Amino acid sequence: MIDFTRPLSLYIHFPFCRRKCGYCAFYSLPRLSYDDETVEKYVNKILSDLDSLNEIWGRGYRTIYLGGGNPVLAGIDNINRILDKAYEKGLPEEVTIEINPEDISRQRIRNLAYVTRVSTGIQSFDEKALAVLERASSRDENIRALEILKEEGINFNADLITSVPSLDPSVTVRDIEIISHFTPPHISFYSLQYEEGTRMYELSGKRDEEYEEKCIRNGWSRLSDLGYEHYEISNFAIGEKYSLHNLNYWALGQYAGLGPSSESSFGYRNITSVRNSQSVFEYISESVYEKESLSASQSVCEYLLTALRTKWGIDKDEFFRRFDLSFDEVFNNALSNIDNRMYIDSRKSFRLNEEGFLFSDAVISSLAMAVL
């Protein structure tokens with residue numbers, strides 16, 4: 001199932017949170033839903049599964065990402081134990097950990113021995129926006145977290161959420177102006193999503209698409225003025241400080257996921273998708289993964305969904321190596337139905353421009369119809 005001729009990235013999910021944000025669709029548990037014993041059992045189960053994966057893979061991981069949830073709530077010593085195990089077969093190019101702003105301290109950053117990159121969910125500096133999003137951190141805590149990350153000199157990413165309902169679009173630009181004072185090497189800039197099963201979903205009927213588009217365009221423009229490279233639909237970097245872990249996702253590379261709700265993708269031409277849909281307590285008892293082998297057409301659609309999120313788009317030679325198909329022959333007719341102001345098509349590649357990024361779902365759906 002694993003293609004041993006290609007790199008493998010590793011994702012480890014930590015579902016522990018102080019509280020659940022109203023927009024969050026990731027699997028996580030608020031503090032009242034677990035105790036310290038549960039955390040210790042969970043860490044030991046991750047170590048056990050990682051030991052098994054190390055034996056199968058037999059070499060170092062290309063990148064490692066610790067996400068959640070809020071991984072540091074498992075304890076810095078436990079994080080370092082897990083990374084010790086993950087390093088046994090070789091050194092990764094990048095190790096990222098997510099830390100909520102209210103949990104960032106100099107001591108924590110300095111004690112994370114193996115981490116090379118921190119990602120923190122600032123989301124906004126506007127107190128009303130933070131209240132709507134049900135964030136645990138305040139404006140002051142967000143600012144303090146960024147001060148520490150900058151002063152400690154670690155590579156870091158800061159998340160921002162735009163188009164929060166009932167706020168003026170100027171909030172987006174103001175958030176970007178504030179965050180720019182800390183010169184994060186990487187900014188993830190998202191429009192608020194109303195995911196089914198979240199408390200925010202109740203507001204989905206009040207979505208204002210014109211307002212969302214204005215917020216996004218304003219944000220993209222200001223980030224560009226500040227020198228940030230728009231390298232993926234929702235991601236910006238200075239000095240090519242890209243997220244190497246996420247670049248692997250967008251190239252439909254191989255990655256292994258550990259923990260409840262984690263996902264894995266193995267193979268190159270023949271993709272096997274693996275998902276764990278258990279709760280923390282089920283996962284501690286026994287790991288159960290659902291496996292699905294994607295058809296040729298499904299694999300092509302997955303590649304469209306991921307590769308076209310980036311500024312590089314689809315390399316046509318790579319597309320042929322991967323699927324034994326000519327991109328031009330497969331999609332020529334479909335492209336005639338798509339506004340050519342949304343993409344750049346050359347002999348070597350096909351990619352979306354910023355206008356295409358804005359309407360990527362519609363563009364990718366039109367292309368996918370050619371192979372389904």
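Guide: A polar contact is a pair of N or O atoms within 3.5 Å; within protein, one must be able to donate a hydrogen and the other to accept it, and residues adjacent in sequence count only if both atoms are side-chain atoms. This is a predicted model, in which local features need pLDDT of at least 70 and side-chain atom pairs pLDDT 80 or more, while totals for chains, interfaces and linings use all residues. Residues are numbered from 1 along each chain as its sequence is written, and side-chain values use heavy atoms, without hydrogens or water.

Visitor: Which side chain does E232 touch at 2.6 Å?

Guide: The side chain of N235 makes that polar contact with the side chain of E232. The side chain of R309 makes another with E232, at 2.4 Å.

Visitor: And where does E232 sit?

Guide: E232 lies in strand β7, which covers residues 229-232; a strand is a DSSP run of E, at least two residues, numbered from the N terminus.

Visitor: Is E232 buried or exposed?

Guide: E232 has a relative accessible area of 0%, so it is buried (under 20%; exposed is over 50%, partly exposed in between, with a 1.4 Å probe and protein chains only).

Visitor: Which residues is E232 in contact with, beyond four places in sequence?

Guide: E232 is in contact (heavy atoms within 4.5 Å) with W250, R309, T310 and F357, leaving aside neighbours within four places.

Visitor: Changing topic: how many disulfides does the structure hold?

Guide: It holds zero, a disulfide being a pair of cysteine sulfur atoms within 2.5 Å. For C17, the nearest cysteine sulfur belongs to C24 and is 6.4 Å away.

Visitor: Is C17 buried or exposed?

Guide: C17 counts as buried because its relative accessibility is 9%. C301 is buried too, with a relative accessible area of 12%.

Note on methods:
Helices (H or I, at least four residues) and strands (E, at least two) are DSSP runs, numbered from the N terminus.
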